[in-house]
Structures are given as C-alpha cells and as structure tokens.
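Colleague: I would like to go through the side-chain packing and the charged pairs of this model. Could you show it to me?

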Amino acid sequence: DYLKNNISGLGVVYDIACGNGYGSKILASIAGEVVGFDKNSKFLNEAKELNKLSNIAFNQVDIETNALENFVRAHNMKKPTAVISFETIEHLDFPDKFLSDVFHLLPFGGYFICSVPNRKYEPVIDGRPKNLFHKQLFTKKDILSLLEKNGFRVLELYGQPYSNIIVNYFYLLAGILNRIALRSNQRFERFAKILAYPTKFLLSFSYSFILVAKK
C-alpha cells in the first residue's frame, strides 16, 4: 500500500526472503516486475507453482554466502526501484553486508521496506534468541541505527501491536471466528487485516517493527 500510494510507475521490485511468493504476488499487482529471492529451494518451487504471472521471477540465492549485488550483476538482472524484505535481517550473521548490498543496488531515491521482531517480545535464553534461526535482537533504536549507519534515511516506522493478540489468543480467536458467518478465506483476510495491519499506534507494544527507508 505504501508503494502504491507514494510511487507512480513503479518499476522493478525485489522481494528478499520471498518464501512461497505470497507477498511477491501482491507486489506484482502494482509493480512492472517483481523478482523474488530465497535460499530455500522447497519454498521457491512452491512459489513458482503458485505464482505463474508473467511479471514475477524467482531466484535461489543465500544472501550471506553470495552477495546479492554480485548475484544481480552476474545474472545481468534489472536493478530495483524498491526492495522489500520482511523478517529477514534478524536471521543474518552479518546484516551490515546485506544492507550495504541493498543500498548499492537501489537508485538514489529508491525505497527499502523491511521488518524485524521487537526485542521486547523476542523469547531469549542466556541473552540469545530462543529461535535458533534468529541471529540478531533489535530494539527500535537498534534497527533505526543500523539502517542509518548503512546510508538509509528512515521515513516511516510502523508496528503490529495487535499481532500479540493473534499469537497469545489464537485458539480463542479461532473459536470466535468459526462462529461468525463468513467463509473461511474471508475470515482470515478480514481479521488479519484488522489485527496485523501496520499502524503507528502503540509502537512500543508491537511484536514487529516495520520501517520504510529511502536511499
């Protein structure tokens, strides 16, 4: 929605850590071309099966062992006007390397939109994330500082405070929703948008921080 409302004639968008392409498909409705990247071949195969639109392509790459900038250059790919990467940076041993790559790939004025879990709600054991796949912990100050250190200007900061409700009371909510006269797909779309849609309200209570940055 942010890209749709703020950029006219959106060209190429990169979706980093695209998974099964759910977000890539949404982006394809507003962008000229979407390129998804992920290191998981199983997810990418699913993405290709689920998303057969002519303006989406998917590529397998591990952004820590193979610099994204080098991969793009080696495959003679179009550079992006915007890069999206949700819930990715916390998985990286060297997030600065990734952010530096993104910064160099974007044109001046290009957008980078990302999200990371809020350290306040991240389960921790002995100072390390309980989730073994998470290598980094971020407070709001930490993620702002990281982006700015790598050259980005943060324009907007959003959160998902009501996502905690979804996580903590999922079964209760599921029972309530099942009693409401809506088809299952409508239940999910309608209530997910209400409870998880980015907002600037109650940022300190947000499970994830969502940042809109610009080169």
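Modeller: What follows covers the nonpolar cores, the aromatic pairs and the charged side chains. This is a predicted model, in which local features need pLDDT of at least 70 and side-chain atom pairs count only at pLDDT 80 or more, while totals for chains, interfaces and linings use all residues. Residues are numbered from 1 along each chain as its sequence is written, and side-chain values use heavy atoms, with hydrogens and water left out.

Colleague: How many residues does the largest nonpolar core have?

Modeller: The largest nonpolar core has 33 residues, and Tyr 14, Phe 37, Ile 89, Phe 98 and Phe 112 have the most contacts inside it. Such a core is a set of buried Ala, Val, Leu, Ile, Met, Phe, Trp, Tyr and Cys residues joined through side-chain atoms within 4.5 Å. Buried means under 20% relative accessible area, exposed over 50%, and partly exposed in between, with a 1.4 Å probe and protein chains only.

Colleague: Which element gives the largest share of this core?

Modeller: Helix H5 does, with 5 residues. Helices (H or I, at least four residues) and strands (E, at least two) are DSSP runs, numbered from the N terminus. Another core, of 20 residues, lies apart from this one and includes Leu 3 and Cys 18.

Colleague: Which aromatic pairs are there, for instance at Phe 37?

Modeller: The structure holds 6 aromatic pairs. Phe 37 and Phe 71 form an edge-to-face pair, 6.2 Å centre to centre with 80° between the planes. Rings of Phe, Tyr and Trp (its six-membered ring) pair if their centres lie within 6.5 Å; planes under 30 degrees apart count as stacked, over 60 as edge-to-face and the rest as tilted. Because Phe 37 lies in strand E2 and Phe 71 in helix H4, the pair ties together parts that are 34 residues apart in sequence.

Colleague: And what is the geometry of Phe 98 and Phe 112?

Modeller: That pair is edge-to-face too, at 6.4 Å centre to centre and 70° between the planes. Phe 98 is in helix H5 and Phe 112 in strand E5, so the pair links parts 14 residues apart in sequence. Phe 112 is buried at 0% relative accessibility. Phe 98, Phe 103, Phe 112 and Phe 152 form one aromatic cluster.

Colleague: Changing topic, how many salt bridges does a search of the whole structure find?

Modeller: The search finds 7, where a salt bridge is a side-chain nitrogen of Lys or Arg within 4 Å of a carboxyl oxygen of Asp or Glu. One of them joins Lys 200 and Glu 156 at 2.3 Å, N to O. Lys 200 lies in the loop between helix H9 and E9, and Glu 156 in strand E8, so the pair ties together parts 44 residues apart in sequence.

Colleague: What about Arg 73 and Glu 69?

Modeller: Their closest N and O atoms are 3.5 Å apart. Both are in helix H4, and because they are 4 residues apart there, about one helical turn separates them. Arg 73 is exposed at 54%, whereas Glu 69 is buried at 18%.

Colleague: Where does Glu 90 lie, and what is its nearest side chain of opposite charge?

Modeller: Glu 90 lies in the loop between strand E4 and H5. Glu 90 is buried yet has no salt bridge, and the nearest side chain of opposite charge, Lys 135, is 12 Å away.

Key: Lys, Arg positive; Asp, Glu negative; His and termini not counted.
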